[in-house]
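Visitor: Please put the model up. I would like to ask about its backbone and its helices.

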Amino acid sequence: MKRYLILSFLAAVTMMAANHVTAQDRDVIAGIPVNYDESKTGDYKATLPDPLTMLDGTKVTTAKQWEKKRRPEIVKLFEENQYGKWPAKKPKLRYKVEQDLGFDGTAVRKQATIYFSPDDNGPQVDVLIYLPKDANGPVPLLLNVSFMANNITVSDPGVKAGFNWNPQTKAKMTAESRPGAPRGFGMDATIKKFLNEGFGFATLHYTDIDPDFLGGATLGVRSLYLKPGAEEPAADEWGSISAWAWGISTVVDYFEKDPDIDAKRIAITGASRLGKTVMWTGARDQRIAVVLASCSGEGGAAISRRYFGETVAHLTEKTRFPYQFAANYGKYGDDVTKLPVDAHMLVSLIAPRPCLLQTGTTDNWSDPKGEFYSAVEAGKVYRLLGKDDLGTTELPAPDQPIYHTLGYFMHEGGHGNLPIDWEIFLEYCKRYL
Ligand code: GCU
């Protein structure tokens, strides 16, 4: 147990270091002031769009109206103004699957590669899948969208080495753990816990799908759809978050073909930009049964109209992460009240499916309260669809999970996943997957 805690802690720290969370608690980021004063957050409610009022003013009062009219309307608004549209048609996917045993022979291990083009060296994603050895039918599964290549996520020998992009040279480098560093990202013990409860656990490295830097559109899956001569998608087309989400959706296509996986019971999880990614994936792909979003913050579950921590202006500033979104998103940096959507509508798109927002008490940059209020505001959509909302409008104390269909958990601590979060995710999957 102690070793597991240490490794998971190292994992969390590595992830925090790797992901620019140094931004936290500085007054000015990229020349733009940051507010951490609760008295200056403004009245977000005054301009928040109502998820249950159509653009033409019609009130949504039935589940059918939501599903047929309002939901597609909101999806379109997010596509055009925030994440960008992904291609209407998937390419012909090819799969290569190798199966053996992992974790010292205690689990079924599959290594599936999904090829997005006929070229063996073209964009492809490696999915590492563990299944309980004693399963006597298809199993529900948690897909972890990771910052690490699969051979770094686990310390299981025999896992194919993945790669990392070098943003300067735009070349791929084999992902190797540094000499002397603890091998593995510390996920082994967590994965085994899921297997012991009868769940499968899969993990993939997000930049297999599309790189995570400006100018990456010519290298990953988006390159397959660029207009001749273009280096960037159009202003309403997919940024990298949408590309990662689309890639995850193709992994679900694979799960549907794998007889050992119950593709109707797939949960997805990711942290930070990957928290935003799993929210958008769950919103777009209704086959996903459960969403566990960690510290997704601005551009994810945190209300943008609440002026606290990161803002759309910070996110889309040219030296930061504009490429992760549709180029159109940058237009709202100056006046976020013009954005026709907000984070509570993203949460609403996951309704009536279970969604757990995980945050951290000191992760101010991501605005944990803004995420809570967004879930409060999305509650009316869950209620309309006959599911339970948060059940409260008061921010819960740290380390007190709300295990409702629309759930919330704020650990005591900062950005990313802590060991306790994985315990909560497992419990949530036991209840809802
Ligand atoms: C930055 C960014 C966040 C993002 C985070 C991450 O801090 O400002 O919006 O969530 O990186 O992905 O780690």
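Visitor: Is aspartate 399 buried, partly exposed or exposed?
Guide: This is a predicted model, where local features need pLDDT of at least 70, side-chain atom pairs count only at pLDDT 80 or more, and totals for chains, interfaces and linings use all residues. Residues are numbered from 1 along each chain as its sequence is written, and side-chain values use heavy atoms, with hydrogens and water left out. Buried means under 20% relative accessible area, exposed over 50%, and partly exposed in between (1.4 Å probe, protein chains only). Aspartate 399 has 32% relative accessibility, so aspartate 399 counts as partly exposed.

Visitor: Where is aspartate 399, and what is its phi?
Guide: Aspartate 399 sits in the loop between H9 and strand E13 (406-411). Helices (H or I, at least four residues) and strands (E, at least two) are DSSP runs, numbered from the N terminus. Most residues other than glycine have a negative phi. Aspartate 399 is not a glycine, yet its phi is positive, about 65°.

Visitor: Is aspartate 367 buried or exposed?
Guide: Aspartate 367 lies in the loop between E12 and helix H9 (368-384). Aspartate 367 also has a positive phi, about 55°, although it is not a glycine. Its relative accessibility is 3%, so aspartate 367 counts as buried.

Visitor: Which residues does the cis peptide bond join?
Guide: Most peptide bonds are trans. Here omega is about 5°. The cis bond joins alanine 351 and proline 352.

Visitor: Where is the kink in H2?
Guide: The expected span of a helix is 1.5 Å times one less than its number of residues. For the 21 residues of H2 (residues 63-83), a straight helix would span 30 Å, but H2 spans only 25 Å between its end C-alpha atoms. The bend at a residue is the angle between axes fitted to the seven residues ending there and the seven starting there. In H2 a kink of about 40° lies shortly before proline 72, at arginine 70.

Visitor: How are H2 and H8 oriented to each other?
Guide: Axes are lines fitted to C-alpha atoms, for helices over the stretch in contact (heavy atoms within 4.5 Å), and angles run from 0 to 180 degrees between N-to-C directions. The H2 and H8 axes come within 10 Å and cross at roughly 130°. Angles under 35 degrees count as roughly parallel, over 145 as roughly antiparallel, 65 to 115 as roughly perpendicular and the rest as oblique. H2 and H8 are therefore oblique.
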